[in-house]
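Please look over the sequence and the structure shown here, then read on.

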Amino acid sequence: MSTRQRNSPHNPTSPDVLASATWTGGQFAEQTFSSTFSIGRDPACDIHIPEPVVSRQHAEVVLLVDTWWIQDCNSANGIWVDGQQVNRVAITEAMRVELGRSGPVLTLSIRQPDIRQPEEEAEDTLSMTHYRDHYFSDKDDDEAGEHTMMVRQAFAQVQKKQKRKYGSVIAVVVCLFILAGSLAVYKHLQLEKQKELAGEIFYAMKGLEIEFADLLRAGRESKDTDTLVKVEQYKQRARELENSYTEFVDTLG
């Protein structure tokens with residue numbers, strides 16, 4: 001009888017396992033696992049294979065002391081490797097496991113982690129520092145070779161072009177700010193002139209009202225009908241002009 005074992009917490013330095021499965025009319029796309037996973041007909045299994053030959057909990061893959069194992073979970077048809085039924089087998093290289101004789105095929109392989117030693121990272125850092133100081137240092141080096149001098153000159157030219165490019169961009173931005181400011185000042189001056197003109201029109205209209213009032217009083221005293229009619233016509237036009245003036249003032253805010 002096979003006993004299901006739980007693996008210890010995953011170690012970042014431990015390898016992962018790649019698993020995929022194929023069967024008649026279906027497949028399970030390759031997936032990477034870093035901890036225990038199950039295979040079976042039960043939909044709750046990590047790799048679900050809906051085939052009658054596969055038990056509900058057919059097998060599981062566990063990581064024990066940095067080694068991956070596939071083991072049978074008391075399935076009805078067992079697990080088969082290279083034509084032999086096995087209870088448990090280590091996964092040391094790419095392998096094909098049959099779930100039941102000539103049943104669905106489970107493909108397993110190991111992917112080793114990309115572990116870099118601290119000294120390798122330190123060497124990379126030192127190398128980058130060396131190349132930076134060697135090629136891009138501002139210090140003059142009489143012993144610098146022709147290749148080094150060419151690299152430094154090319155880098156200086158690139159920096160110069162970048163400064164010119166950024167200088168042009170800054171100049172354009174400054175010009176736009178100046179133009180926007182000038183336009184704002186112009187609009188402000190125009191608005192002030194319009195307000196001044198509106199004030200002059202207002203006082204002129206008030207003067208006309210006074211003159212109309214005097215003319216109307218004189219017409220009433222003299223009982224001159226023609227004069228009274230003309231005064232009323234002028235007052236009507238004055239009211240229309242006043243309405244237009246009000247709309248104009250509203251546009252000035």
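## The two cysteines

Cys73 is buried, with a relative accessible area of 10%. Its sulfur is 8.5 Å from the closest cysteine sulfur, the one in Cys45, and that is too far for a bond. The model is a predicted one, and zero disulfides are found in it. Cys45 is accordingly in no disulfide, with the sulfur of Cys73 as the nearest cysteine sulfur. A disulfide would need the two sulfur atoms within 2.5 Å. Cys45 is buried as well, at a relative accessible area of 6%.

## The chain as a whole

The secondary structure consists of three helices and eleven strands.

The chain has 253 residues, and 25% of them count as buried. Its accessible surface comes to about 18200 Å². Carbon and sulfur atoms account for 54% of that surface. Among contacts between residues at least 6 apart in sequence, 40% join residues at least 24 apart.

## Aromatic pairs

A pair of aromatic rings is described by the distance of the centres and the angle of the planes. Two aromatic pairs are counted in this model. In one of them, Phe33 and Phe37 are stacked, with 3.8 Å from centre to centre and 15° between the planes. Phe33 is buried, with a relative accessible area of 8%, and Phe37 is buried at 1%.

Phe37 also pairs with Trp68: the ring centres are 6.4 Å apart and the planes stand at 50°, so this pair is tilted. Phe37 belongs to strand β3 (residues 37-40) and Trp68 to strand β6 (residues 67-72), so the pair ties together parts that are 31 residues apart in sequence. Trp68 is buried, with a relative accessible area of 1%. Through these ring pairs, Phe33, Phe37 and Trp68 are linked into a cluster.

## A charge over a ring

The charged end of Arg88 sits over the ring of Trp69. The distance from that charged end to the ring centre is 4.6 Å.

## The nonpolar core

In soluble globular proteins, nonpolar side chains tend to be buried together. The largest nonpolar core of this model has 24 residues. Phe37, Ile39, Ile47, Ile70 and Leu108 are the residues with the most contacts inside this core. The elements that give two or more residues to the core are β1 (16-23), β2 (26-33), β3, β5 (59-64), β6, β7 (79-81), β10 (95-99) and β11 (105-111). The largest share, four residues, comes from β1.

Which residues does Ile47 contact, leaving aside its neighbours within four places in sequence? They are Ala19, Ala21, Phe28, Phe33, Phe37, Ser38, Ile39, Gly40 and Leu106. This list includes Phe33 and Phe37, the two rings of the stacked pair.

Technical notes. Residues are numbered from 1 along each chain as its sequence is written. This is a predicted model: local features need pLDDT of at least 70, side-chain atom pairs count only at pLDDT 80 or more; totals for chains, interfaces and linings use all residues. Side-chain values use heavy atoms; hydrogens and water are left out. Rings of Phe, Tyr and Trp (its six-membered ring) pair if their centres lie within 6.5 Å; planes under 30 degrees apart count as stacked, over 60 as edge-to-face and the rest as tilted. Buried means under 20% relative accessible area, exposed over 50%, partly exposed in between (1.4 Å probe, protein chains only). A charge sits over a ring if NZ of Lys or CZ of Arg is within 6 Å of the ring centre and within 35 degrees of the ring normal. A nonpolar core is a set of buried Ala, Val, Leu, Ile, Met, Phe, Trp, Tyr and Cys residues joined through side-chain atoms within 4.5 Å. Contact means heavy atoms within 4.5 Å. Accessible areas come from the Shrake-Rupley method with a 1.4 Å probe; for residues, only the protein chains shown count as cover.
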